[in-house]
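Visitor: Please take me on a close look at a single part. I would like to hear about the aromatic rings and their surroundings.

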Amino acid sequence: MEDQSSTSAPSIDPFKLLKIVQNPDGSLTRQSLFPSVSITDEESTSSNTSQLAFFKDIPLNPQNKTFIRLYRPPTPPPSTNHKLPLLIHFHGGGFILFSATSRPFHDACSLKAVKLPAVVLSLEYRLAPEHRLPAAYDDAVETIMWVRDQAMDVNGCDPWLKEYVDFSKCFLIGSSAGGNMVFHAALRALDIDTSPVKIIGLIMNQPYFSGVERTESEKRFVNDRILPLPANDLMWSLALPEGADRDHEFCNPMAADGFLKEKMGRLTRCLVTGHGGDPLIDKQRELVNVLEARGVDVVAEFAEGGCHGIEIFDPLKAEALLKSIKDFVDTCCRCVNSESAAAKSTL
């Protein structure tokens with residue numbers, strides 16, 4: 001790979017790189033970078049082998065055109081005492097691109113459902129700039145509330161969730177912008193009674209954060225082939241509220257006031273993963289440091305080399321990430337089981 005350490009202004013057209021065109025009304029015309037998997041593909045992709053998950057789409061908020069793609073493994077739990085964890089997934093794309101139906105995210109969710117195993121719920125959230133932040137966070141919290149209503153059997157519970165899911169073992173999971181959504185949705189959920197749903201783990205893979213002041217990794221990878229600074233800056237300018245800069249708490253919560261940082265200390269245990277070749281690596285390490293300083297239980301896994309979104313391009317990295325997620329989920333679930341057993345023994 002050629003040297004990317006130059007801090008001179010790169011001659012990169014971010015619109016061309018991201019395959020977007022901004023229309024006169026401010027909306028975007030997006031040229032799809034990945035094929036989409038429709039629900040009509042379910043029979044051909046899910047029933048031909050026991051190694052793939054079944055999936056279906058469920059409307060969330062028709063007015064906002066949001067929906068949930070739900071995945072389950074082909075084999076149900078052996079008993080009601082061995083139900084599966086629920087992973088609430090938010091896809092990446094800088095808040096402006098992609099869909100829960102985009103092939104890489106669809107395949108990754110399907111694989112997690114089978115290999116963990118788990119039930120995976122992937123959110124089709126509203127994109128910016130048509131719907132700037134906090135719209136995506138609002139959709140994420142609405143999803144958590146939908147899961148709570150399902151667990152409470154309000155107007156009936158989806159049969160897959162009823163048969164498969166242990167609502168005391170829920171996780172928020174996302175990569176890149178999805179990792180950012182995990183963080184902010186979890187903060188918001190602290191102010192909500194989600195019972196009987198319990199969020200016991202946050203999984204943030206290469207979470208998408210930045211700031212006005214350039215980090216050393218951003219300067220070092222200014223011309224990065226996946227996420228060069230001009231593209232990064234453009235995505236934040238399209239995603240943040242009008243008039244906000246990259247030190248807004250949505251983008252740079254590490255620079256936020258004391259109240260938000262105090263709230264961070266109430267977050268449940270986290271898995272944060274990253275790669276040294278990602279321009280965002282320094283900001284991800286900063287996030288870990290801030291969380292740990294406030295007493296949050298953090299599992300941090302930072303590998304050498306790589307790039308932003310490497311699991312999409314490298315099957316071996318995708319396999320390693322899946323193992324890290326499985327280990328984290330298994331550990332969190334064992335802790336819940338131990339705490340439940342201890343509580344029963346005192347009765």
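Guide: Start with Tyr 137, which is buried at a relative accessible area of 0%. Buried means under 20% relative accessible area, computed with a 1.4 Å probe on protein chains only. Phe 250 also counts as buried, at 10% relative accessibility. This is a predicted model, where local features need pLDDT of at least 70, side-chain atom pairs count only at pLDDT 80 or more, and totals for chains, interfaces and linings use all residues. Residues are numbered from 1 along each chain as its sequence is written, and side-chain values use heavy atoms, leaving out hydrogens and water.

Now the rings. The structure holds 10 aromatic pairs. Rings of Phe, Tyr and Trp (its six-membered ring) pair if their centres lie within 6.5 Å; planes under 30 degrees apart are stacked, over 60 edge-to-face, the rest tilted.

Take Phe 95 and Tyr 208. Their pair is tilted, with 6.3 Å centre to centre and 45 degrees between the planes. It links distant parts of the chain, 113 residues apart. Phe 95 sits in the loop between β5 and α3, and Tyr 208 in the loop between β8 and α7. Helices (H or I, at least four residues) and strands (E, at least two) are DSSP runs, numbered from the N terminus. Both Phe 95 and Tyr 208 are buried.

Back to Tyr 137. Tyr 137 and Phe 250 pair edge-to-face, at 5.0 Å centre to centre and 85 degrees between the planes. Tyr 137 belongs to helix α4, while Phe 250 lies in the loop between α8 and α9.

Finally, the group. Phe 95, Tyr 137, Tyr 208, Trp 236 and Phe 250 form one aromatic cluster.

Note on methods:
Buried means under 20% relative accessible area, exposed over 50%, partly exposed in between (1.4 Å probe, protein chains only).
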